[in-house]
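Me: I would like to learn how to read the features of a structure, one at a time. Please give the general idea first and then the case at hand.

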Amino acid sequence: MSALLLFGATGDLARRMLWPSLYALDVDGLLAADLRIVGTARSALDRDGLAALVADAIAAHVSGGLGNDAAVAKFLARLDYVPLDATDMAGYGALRAAAGPDGCPVAIFLSTAPSLFGATIAGLQAAGLACDNVRLALEKPLGSDLASSRVINDAVASAFPEDRTFRIDHYLGKETVQNLLALRFANSLFEPLWNAGHIDHVQITIAETVGLEGRVDFYDGAGALRDMVQNHMLQLLALVAMEPPGHFGPTSVRDEKVKVLNALRRIDTGNVAAHCVTGQYGPGVADGKSVPGYAEELGHASNTETFVALKANIDNWRWKGVPFYLRTGKRLPSRASQIVIQFKPVPHLIFDTKGATVSANKLVIELQPNENIRLMLMTKTPGLDRDGIRLREVPLDIGMDNAFADTRRRIAYERLLLDLIEGRSTLFVRRDEVEAQWRWIDGIRAALAANGIAPKPYAAGSWGPSAAIGLAERDGVSWHD
């Protein structure tokens, strides 16, 4: 096995993430010396054209002085390019020839439209590229609902068995997401408290400041529920809520995640109004500049939601009565991805007669733009206490940039691409996980439609519709902004 085949090699994801990640792996000596990387797309390029595109991508998206001209030249020497219309079965022969002497690549990465997955799988199979040891990676979206996801997965399964199918959710490659597992399962401090007896609620927020950003056709056909909640947010929820696996391996970890997803309480026509708020941004101010609303950017009116807030419940012993609040949206005030674990207050405050007030402990795991773990603790304010004891909430920070200043921070795709090439599937998503996620999201979307609930307007630059605040405040909870 001698090649990685990269479909969608000229696309935005490849330019921003995939080529820079592969280059960084090469600079660090993590790619086999004989591994060739064959890009393919509809663009009428040749090898030199792809090399120029990749060199530009490296210059634009690789920071920190990684490598030099010689390192770039060495990486570009690995590249080859085959123009291909994925629906043209005759074109796959040239791709097989480029894959190496035996025609079998080490892995295939599909960064293409889901509508092309079926034709691509058929072409790979017909050309003899679905060899016994080849691994196939699939970039989201994997369908638009459970039924379409099953069609894609059935097509994939016809040529690539589940143990060689690598479904990507790039959030799982983020260092702080993996640190969530280390935090829980490598420290005796947290796991005994990680349950309904000690945790009041959990918040997961993924906030974006951008609008459509050139994704008009895709986003209006998806919306926030399908674009963000179905994959990234439910994966984060599963990692927070999963039971301790027997070991850190693909079967054990993914078995526990799917149990959580299957335990999510259904949101249906009877409770959707109390558990779900959707919104769509209108004109407002972002980064100090006036910006148009979603319909203006789109060019016509639409019922697509650009914001969603959910109250989710997990029906098992560990999480009985602990709500999980999920929130994501576009044109919000700041870019942030974070998990907040809100612990319950102390059962008895011995300082109340001394005038002290206490805030319950809170664990904040920041995923982006900065990777950080912050534990909020109560401490005594220095002084003689003649007028009473004063307590103050102070953060105990574990800033990844500070704690590991001597270690280069990798982007998520570096880890995921290397795991794909080397065959480690723990950080990839299994079919039953995807289908459990779609089943829950389909129920919410059907309930919204059945009840005639349309997205509520909110101003760009705000934290979404006011109803989202009410969703949490009905339970005495405030969003962590």
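Reply: Start with burial: buried means under 20% relative accessible area, exposed over 50%, and partly exposed in between, with a 1.4 Å probe and protein chains only. The model here is predicted, so local features need pLDDT of at least 70 and side-chain atom pairs count only at pLDDT 80 or more, while totals for chains, interfaces and linings use all residues. Residues are numbered from 1 along each chain as its sequence is written, and side-chain values use heavy atoms, with hydrogens and water left out.

Me: Is L13 buried or exposed?

Reply: L13 is buried, because its relative accessible area is 16%. L13 is found in helix α1, residues 12–27. Helices (H or I, at least four residues) and strands (E, at least two) are DSSP runs, numbered from the N terminus.

Me: What does L13 contact, beyond its neighbours within four places in sequence?

Reply: Contact means heavy atoms within 4.5 Å. With those neighbours left aside, L13 is in contact with L18, S111, E139 and Y413.

Me: Which residues does UniProt place in the feature "binding site"?

Reply: UniProt positions are given in the numbering used here, feature names are shortened, and annotations may be inferred rather than shown by experiment. The unreviewed UniProt entry gives G8, A9, T10, G11, D12, L13, A14, R15, R42 and K140. A14 is buried, because its relative accessible area is 0%. Not counting residues up to four places away in sequence, A14 touches G8, A9, W19 and P20.

Me: Which residues are in contact with Y23, leaving aside its neighbours within four places in sequence?

Reply: Y23 is in helix α1 and counts as buried because its relative accessibility is 0%. Its contacts, with those neighbours left aside, are I58, V62, L66, G67, N68, A71, V72 and F75. Y23 and V54 are 31 residues apart in sequence, and their C-alpha atoms are 9.3 Å apart in space. D26 also has its place in helix α1, and D26 counts as buried because its relative accessibility is 5%. Leaving aside its neighbours within four places in sequence, D26 is in contact with L31, K74, F75 and R78.

Me: How do I read empty space in a model?

Reply: Rolling a probe the size of a water molecule over the atoms shows where empty space is left. On a 1 Å grid over the protein atoms alone, a cavity is a set of points where a 1.4 Å probe fits but cannot get out, and a pocket is an open set with protein on both sides within 12 Å along at least five of seven lines; lining residues have an atom within 4 Å of a point. Grid points are joined across faces, edges and corners, and a volume is the space filled by probe spheres set on the points.

Me: How many cavities of 30 Å³ or more does the structure hold?

Reply: The structure holds 1 such cavity, and about 60 Å³ of space lies in the largest cavity. Its lining is made of L172, V177, Q178, L181, L239, V253, K257, T426 and L427. The largest share of that lining, 3 residues, comes from α7. For residue classes, Ala, Val, Leu, Ile, Met, Phe, Trp, Tyr, Cys and Pro count as nonpolar, Asp, Glu, Lys and Arg as charged, and the others, Gly among them, as polar. By class, the lining of the largest cavity has 6 nonpolar, 2 polar and 1 charged residues.

Me: What volume does the second largest pocket have?

Reply: The second largest pocket has a volume of about 330 Å³. Its lining has 19 residues, of which K344, V346, A360, N361 and L377 lie nearest its centre. They divide into 15 nonpolar, 3 polar and 1 charged. Strand β15, residues 372–380, gives the most to this lining, with 3 residues.

Me: How do I read backbone angles?

Reply: Most residues other than glycine have a negative phi, and most peptide bonds are trans. Here the peptide bond from K140 to P141 is cis, with omega near 5°. D287 is not a glycine, yet its phi is positive, near 55°. D287 counts as exposed, because its relative accessibility is 69%. R331, also not a glycine, has a positive phi of about 55°, but R331 counts as buried because its relative accessibility is 11%.
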